[in-house]
Amino acid sequence: MGTYSSQKKHFSVEPVRSHLLSELWQHQLQEGFVSEESIKKLSELHQLSEIEVEGVASFYHFFHKQPAGKHTIYINNSIISELKGYERIKETFERETGAHLNSVDASGTFGLYETPCIGLSDQEPAALIDFYPFTNLNALKVKEIIQKLKQGKSPEDICDQPQDNIRYTPVNNRTVFFAPYTRGEAIKKLAGLGPDGVIEQLRISELAGRGGAFFPTGKKWDTCRSYKDTPKFIVCNADEGEPGTFKDRVLLNNQPGSVLEGMIVAGYTVGAQYGIIYLRGEYRWLVNKLETEIQAFHDTGLLGADAGGIKDFNFDIRVEVGAGAYVCGEETALLESLEGKRGEPRTKWFYPVEKGYLQLPTVVNNVETFAAVARLLQVGTFEYLKRGMPGSPGTKLISLSGDCKLPGIYEIEWGMTVAELLDQCGAEDPFFIQVSGPSGECISVKEKYRRISMLDLMAQKDIRCGGSFMIFNSHRDLVHILMNFSEFFKHESCGVCTPCRAGNFIIERKLERLNNGLADMNDLKELKSWGTIMKATSRCGLGKTASNAIIQSLEKFDDYFKARFSATDNSTYRKFDHSTAVEEYEHYKP
Amino acid sequence: MALCTFWIDGKKYEAEEGSNLVDAAKENGVFIPSLCYFKHIDPPLGTCRTCTCKINGRYNPACTESIKEGLKVEVNTPEMIDMRKALVEMMFAEGNHFCPACEKSGNCDLQHMGYELGISTTRFPHLFKDRLIDYQPKRMVMEHNRCIKCRRCVEEVFTSDGKRVFMYINRGNETQVGIDYEQEAKLSESEAEKAMKMCPTGAIIVRGKSLSKPFGDRAFDMESSQTHYRHTITDKPKVANFEKKTIATVSLAGCFGCHMSMLDIDTDILDIAELVSFNKSPLTDIKTFTQRCHLGIVEGGCCNTENIETLKKFREMCDILVVMGECAIWGGLPAMRNTIPLGECLEEAYLNSVTSEKGENTVPYHEDLPKILDRVYGCNEIVKVDYTIPGCPPSPNHIWKVVKSLLWGEDYSLLYSEFKYD
């Protein structure tokens, strides 16, 4: 396995249980898997039963129970990767390594696995080898990579440096995120503003959570500030798992400083001492960059005791690396994961601002939110409010991918229409657009004159975009896209509540029927009704939104479905694939 | 604590402020079904979602809601009843719940919920996922196919030194409750039995204990938790006159147990013989339809091509099609093979069994023989089914009540004790 700088030490206030995730990582990286002996060792160390440690390890799909090869390869199986040639890449990997998908080759050199979106949708097909990125793959490139690895080269030396692909920033230098960045400019303003001042600035600028929920940031911080329990924590949610989203990757790569600075501002405002960046395992290759930046902040006095020269303000930041679990993007699941547990969302008995990490007041915000805070303080509210539109000021980063000429990051001013965006990216024959990832909203190209803003809470008129735009042209098979989404949710459900665990499985079976041409209008009706039940009864956002794309596409692409599926609504005979049903038995024909 | 006024389905009730909605409703005589709620686990687990209600206009489980002044709850609106039913149906579809073959039958909370909600069939396709049964623990057996992941055992069962015995493992649809062999061995006999009893289904079985005493009436056999339990057939066909009706019956991939049950109504069968005549049926030994029938009754699911042909013929020749018994509804006992590939089943039965000599036997295949299907299908997957009668076998009263109701539009009201899955 590659050489990563060791993760920074945990804070002294954190209990040993919180070390479990990074300890499991150590075993995984050093031995190539988490063996039974490792589980036994860790259970003794933590005074836990073995099953409890195994329960944690088996929750995260980057932890393997069996040896996963000297080099572990993860091919991205997201829908964008599929469009860009996943099948051929997979076959080439299989041929070159001699390993079948989900297994290790005979010599134990290569383990070949698939994983959902690795945050490189603008340079697909892509894969991670020992958690180093390899982008824009083609058969020839895969062949070369494997040859080099066989010659003993290290993935670290031959991996790609993912491009930021910043395709568009607002004209006339109205960019918020990509203006030249100087370390410490936002922090400089803290002493003058005071905590009240910061919250006031956030309120005026109407900054709202950029993970996609758009909760007013000022309100969240103010509430956390009002709780007296200490210590408090600032958690940066860098578990950007929503397929098709990669804006946080670009921010962390392009200017980790503004993210750290946003966290420091938050710490100062709510009275927190500790900051933790929960970085998704897929972005492990960014750890060095982040830790170097954290060190630079320490060296310039922006972190540590009297951080930023503010007396008695002590603040430190460390990085925790996730291990492959989409649901950990849900803030309470993320906190559970930080505590060294299974990443299962909590019931909404308390909000994290009151009882978060270790049941202490915690602010959890998205990478982009922290960066926006830093940038906002730096340019000043007055300047910031000139961007965007009334009621929805500022800009938004959008990760755009799929059937277009220029996939990449688009920093748009709120208020831009879908049509303008499609125009900018050179979309080719757009037909179906999935906004904010599979759990978001699907729109038809007929709706292209809708604006993208955060005005509309229920997203009836304007579109609220959490960060990703996946564009599909009219030759793409809608059912196939939906199946990819549903398979994703089936795997990524935390498994705790019935409607999400069983529901996604059931929906996938139904979509298989559609895909095999065995469905009629009645099946479509059922799909919609079952999706609605999942939406109403699931425990957290994952289950509540998993059926969005299905429900909405059935509404918006009525013509498409009508043309494809017969209207035999009250037919007395169900469609039944006779030949498939007897196929296996036919093998016994003498 | 202060008393609060709250509203369920438009009716006013009172309960202590901060008390749990499930409990408060129960005290006031309103039944909200739940499978994971334990009064003493705080905060509540909220895993099964069966108690989902509309609370102040939003869908939320009742178990994670506490009483506040003016709380408005919808419990028994058609929408909420259907939604809760769907959740329990999902559990049945997700696991392999063969009630007749389960030690917990009659004392099973999941089964009980099925009775209370009047679930005769699930709207969802059965998933038939192959999950291994864990026989490795010293004292217990974990039947993962029956587990509904309610989390009760995870939160409640600890050894004397405070270690967990049960824990969720894996994720997504692979999630199951793992058992720690070392810790399990440390449990006392009574602690182990407590774990078995705590399980709302038959997923945790203690060897030698699960069937140790002969059972008579079982916990959920006789009485409903609801004061007005009523199970009726909706959309009753309007057939008023008392002309003599023709019935056809058949047993497909079944054991004829349902047919035996039909005959079990003692002397009432004489009345029935006056009211109906049987056309194609094992009871008359008429092999082919000689006329169109008012009602077709099918026992058993479809495991081969002949079953499918017969079932289609029934659909064609009968005005109303009723399927009876678990096998006809979703596959039942024959569907136990559905988690195993057909090839393995056939080779185990014909080639590798203890009594077969190596190389001597073949898997039967002949043009005159029906072809075996890849899995056992419920009748509903092949043709449209009008009504389902659950049970293994259904009680004779249940069968004839349905038949009479369908043929003559009689009032139909099923007793709680007549509605069973085993």
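How many residues does the largest nonpolar core have, and which have the most contacts inside it? The largest nonpolar core has 283 residues, and those with the most contacts inside it are Val235(A), Ile264(A), Val265(A), Leu279(A), Val298(B) and Cys302(B). A nonpolar core here is a set of buried Ala, Val, Leu, Ile, Met, Phe, Trp, Tyr and Cys residues joined through C-beta atoms within 7 Å. Buried means that 20 or more other C-beta atoms lie within 10 Å of the residue's own, exposed means 12 or fewer, and partly exposed is in between, with C-beta atoms placed from the backbone.

Some housekeeping. This is a predicted model, where local features need pLDDT of at least 70 and side-chain atom pairs count only at pLDDT 80 or more, while totals for chains, interfaces and linings use all residues. Residues are numbered from 1 along each chain as its sequence is written, and chains are lettered from A and ligands numbered from 1 in the order in which they are written.

Beyond its neighbours within four places in sequence, its contacts (C-beta atoms, placed from the backbone, within 7 Å) include Leu252(B), Ala253(B), Leu373(B) and Ile382(B).

Now chain A. It has 24 helices and 17 strands; these are DSSP runs, H or I of at least four residues for helices and E of at least two for strands, numbered from the N terminus. Its radius of gyration is 24 Å, close to the 25 Å that the globule rule gives for 590 residues, so chain A is as compact as a globular protein of that length. That radius is taken over C-alpha atoms, and the rule is 2.2 Å times the number of residues to the power 0.38. Of the 590 residues of chain A, 56% count as buried.

Next, domains, with bounds from an automatic or database assignment. Chain A is given domain 1 (71-163), domain 2 (168-384), domain 3 (388-473) and domain 4 (478-564). The C-alpha centres of domains 2 and 3 of chain A are 25 Å apart. Their contact takes 24 residues from domain 2 and 23 residues from domain 3. On the domain 2 side, helix H11 (247-254) and helix H15 (367-379) of chain A each supply at least two residues.

Last, the chains. Their contact takes 53 residues from chain B and 46 residues from chain A. On the chain B side, H2(B) gives the most, with 7 residues.

Methods:
Two residues are in contact if their C-beta atoms, placed from the backbone, lie within 7 Å.
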